[in-house]
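Student: Can we go through this chain together? I'd like to start with local pairing and then move on to the domains.

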Amino acid sequence: MAAIKVHGTVFSTAAARVLATLYEKEVEFEFVPVDMRAGEHKKESFLSINPFGQVPGFEHGDLTLFESRAITKYVANEFAEKGTDLVFGDSKKKAIIGVWMEVEAHQFDPVATKLTWELAAKPAFGMATDKAVVEENEAKLAKVLDVYESRLAESKYLGCESFTLVDLHHLPNIHYLMGTEIKKLFDSRPHVSAWIADITARPAWSKVIAMQKQQ
């Protein structure tokens, strides 16, 4: 089998999404660290993999991909017979899963990313948190989580009754936000809280956390 390489940093939410998918699918890969503080992601060698200069970059033989959700879909489909089944069902079920994948990308992620930056990344870099940005996005996230609470009251997972890429795509930002004051928004919604406890306990995700702890 052609070698798989993932270029990035384990602390990147986008790269973590890809790593979690590879672990779920039980696919071997090589992780190639990209030193973003040294600007390696803006050098020609990396730009040939991702012209936007963002992590992760992904190589599988002669195939080069970027954009984390595109990579996770490729891995889930290319290695459909291995590991956890992350995309499945008839056309209607796939359509519903597709809807919730879009919800994660367009409703949850923009807000969660801003909160992760303000409450997890900035303090780590010794930067001041912008409380106005936190307040604005905390209110937005609360509205998204109200929708999630309703959905999870009728479905064990967001996409369907089984764990899929929809749930996996949430893991990196949830991991960071559970270590901040935003945890209260998750904890106060029982179905959301149970869902988070479930998906964050997956062995594949534990392997991603172990990679982060090794850095």
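Tutor: Strand 3 (residues 57–60) and strand 4 (residues 63–66) run antiparallel and are joined by four bridges. Strands here are DSSP E runs of at least two residues and helices are H or I runs of at least four, numbered from the N terminus; two strands pair if DSSP finds at least two bridges between them. This is a predicted model, in which local features need pLDDT of at least 70 and side-chain atom pairs count only at pLDDT 80 or more, while totals for chains, interfaces and linings use all residues. Residues are numbered from 1 along each chain as its sequence is written, and side-chain values use heavy atoms, with hydrogens and water left out.

Student: Which residue is the bridge partner of Phe-58?

Tutor: Leu-65, in strand 4.

Student: And what phi does Gly-61 take in that hairpin?

Tutor: A positive one, near 65 degrees; the hairpin has two residues between its strands.

Student: Switching to domains. Where are the bounds?

Tutor: Domain 1 covers 4–85 and domain 2 covers 91–203; such bounds come from an automatic or database domain assignment. Their centres, taken over C-alpha atoms, are 22 Å apart.

Student: How many residues of each are in contact?

Tutor: 14 residues of domain 1 and 13 residues of domain 2, where contact means heavy atoms within 4.5 Å. The two domains bury about 1200 Å² between them, 58% of it on carbon and sulfur atoms. Buried area is the accessible area (1.4 Å probe) lost when the two parts are put together, summed over both.

Student: Which residues of domain 1 lose the most area?

Tutor: Thr-13, Arg-17 and Arg-69, together 42% of what the domain 1 side buries.

Student: How many salt bridges cross that interface?

Tutor: Five, counting a side-chain nitrogen of Lys or Arg within 4 Å of a carboxyl oxygen of Asp or Glu. By this rule the overall count is eleven. Arg-17 pairs with Glu-104 at 4.0 Å, N to O. That pair links distant parts of the chain, with Glu-104 in helix 4 (residues 91–124) and Arg-17 in helix 1, 87 residues apart.

Student: And how far apart are the closest N and O atoms of Arg-202 and Glu-24?

Tutor: 2.6 Å, also in a salt bridge.

Student: Which helices supply at least two residues of the domain 1 side?

Tutor: Helix 1 (13–24) and helix 3 (68–78). Helix 1 gives the largest share, six residues.
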